[in-house]
Amino acid sequence: QVRLVESGGGLVQPGGSLRLSCAASGTMYRLNSMGWYRQAPGKQRELVATITSDGSTNYADSVKGRFTISRDNAKNTVYLQMNSLKPEDTAVYYCNAGIRLRITTPQGDYWGQGTQVTISS
């Protein structure tokens with residue numbers, strides 16, 4: 001059974017930094033694109049950043065220049081370094097991954113349980 005487990009959320013002041021981690025565990029054939037999404041209260045879930053298995057990245061305009069996504073393929077882990085945090089970054093952050101469980105199965109979409117990030121003074 002594949003699981004995505006996030007860590008690193010918390011409460012920080014505006015202008016501060018946080019680093020989120022998400023580790024994929026379980027038996028899988030291939031771990032493809034990984035990414036982070038977020039959902040603020042009363043809003044739809046939105047893309048924050050994604051990274052392919054070969055390291056190509058994509059960011060939401062609202063976080064460009066402040067957030068950096070990276071991954072360690074040996075550890076099946078994706079990271080999100082968040083700097084210059086703003087109150088509007090407050091949300092539950094979810095890890096996402098495209099995973100093929102076996103060579104004979106198509107890619108499935110997997111989600112972590114979410115981690116709360118709160119930016120407040």
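**Where does T27 lie?**
T27 is placed in the loop between β3 and β4; helices (H or I, at least four residues) and strands (E, at least two) are DSSP runs, numbered from the N terminus. The model is predicted, with local features needing pLDDT of at least 70 and side-chain atom pairs counted only at pLDDT 80 or more, while totals for chains, interfaces and linings use all residues. Residues are numbered from 1 along each chain as its sequence is written, and side-chain values use heavy atoms, with hydrogens and water left out. The relative accessible area of T27 is 68%, so T27 is exposed; buried means under 20% relative accessible area, exposed over 50%, and partly exposed in between (1.4 Å probe, protein chains only). Not counting residues up to four places away in sequence, T27 touches V2 and L101, where contact means heavy atoms within 4.5 Å. From the C-alpha atom of T27 to that of N58, 31 residues apart along the chain, the separation is 27 Å.

**View 2. The largest nonpolar core has 31 residues.**
A nonpolar core is a set of buried Ala, Val, Leu, Ile, Met, Phe, Trp, Tyr and Cys residues joined through side-chain atoms within 4.5 Å. W36, L80, M82 and Y93 touch the most other members of this core. Two or more residues each come from β3 (18-25), β4 (30-39), β5 (46-51), β7 (67-72), β8 (77-82), β9 (91-100) and β11 (115-119). The most come from β9, which gives 5 residues. Leaving out residues up to four places away in sequence, M82 touches G16, S17, L18, L20, R66, F67, Y93 and V117.

**View 3. S21 is a residue of strand β3.**
S21 has a relative accessible area of 18% and is therefore buried. With residues up to four places away in sequence not counted, S21 touches V5, E6 and S7 as well as W36, V78 and Y79. W36 is also one of the core residues that touch the most other members.

**View 4. Y37 and W111 form an aromatic pair.**
A search of the whole structure finds 1 aromatic pair. Y37 and W111 are edge-to-face, with 5.1 Å centre to centre and 65° between the planes. Rings of Phe, Tyr and Trp (its six-membered ring) pair if their centres lie within 6.5 Å; planes under 30 degrees apart count as stacked, over 60 as edge-to-face and the rest as tilted. Y37 belongs to strand β4 and W111 to strand β10 (residues 108-111), so the pair ties together parts that are 74 residues apart in sequence. W111 is partly exposed, at a relative accessible area of 35%.

**View 5. The charged ends of R19 and R45 sit over tyrosine rings.**
The charged end of R19 is 4.1 Å from the centre of the ring of Y79. For R45, the ring is that of Y94, and the distance to its centre is 3.7 Å. A charge sits over a ring if NZ of Lys or CZ of Arg is within 6 Å of the ring centre and within 35 degrees of the ring normal.

**View 6. D89 and S84 lie in the loop between β8 and β9.**
D89 has 0% relative accessibility and so counts as buried. A polar atom of the D89 side chain lies 2.8 Å from the backbone nitrogen of K86. Neighbours within four places in sequence aside, D89 is in contact with R38, R66, F67, S84, V117 and I119. S84 is partly exposed, with a relative accessible area of 41%. The phi of S84 is near 50°, a positive value in a residue other than glycine.

**View 7. N76 occupies the loop between β7 and β8.**
N76 is not a glycine, yet its phi is positive, at about 50°. At 26% relative accessibility, N76 is partly exposed.

**View 8. β11 pairs with β2 and with β9.**
Two strands pair if DSSP finds at least two bridges between them. Strand β2 (residues 10-12) is parallel to β11 over 3 bridges, and L11 has T118 as its bridge partner in β11. β9 and β11 run antiparallel and are joined by 3 bridges, with Q116 of β11 as the bridge partner of V92. In a regular strand, side chains alternate between the two faces of the sheet. The covered face of β11 holds T115, V117 and I119, and the uncovered face holds Q116 and T118.

Technical notes
Polar contact = N/O pair within 3.5 Å; in protein donor to acceptor, adjacent residues only side chain to side chain.
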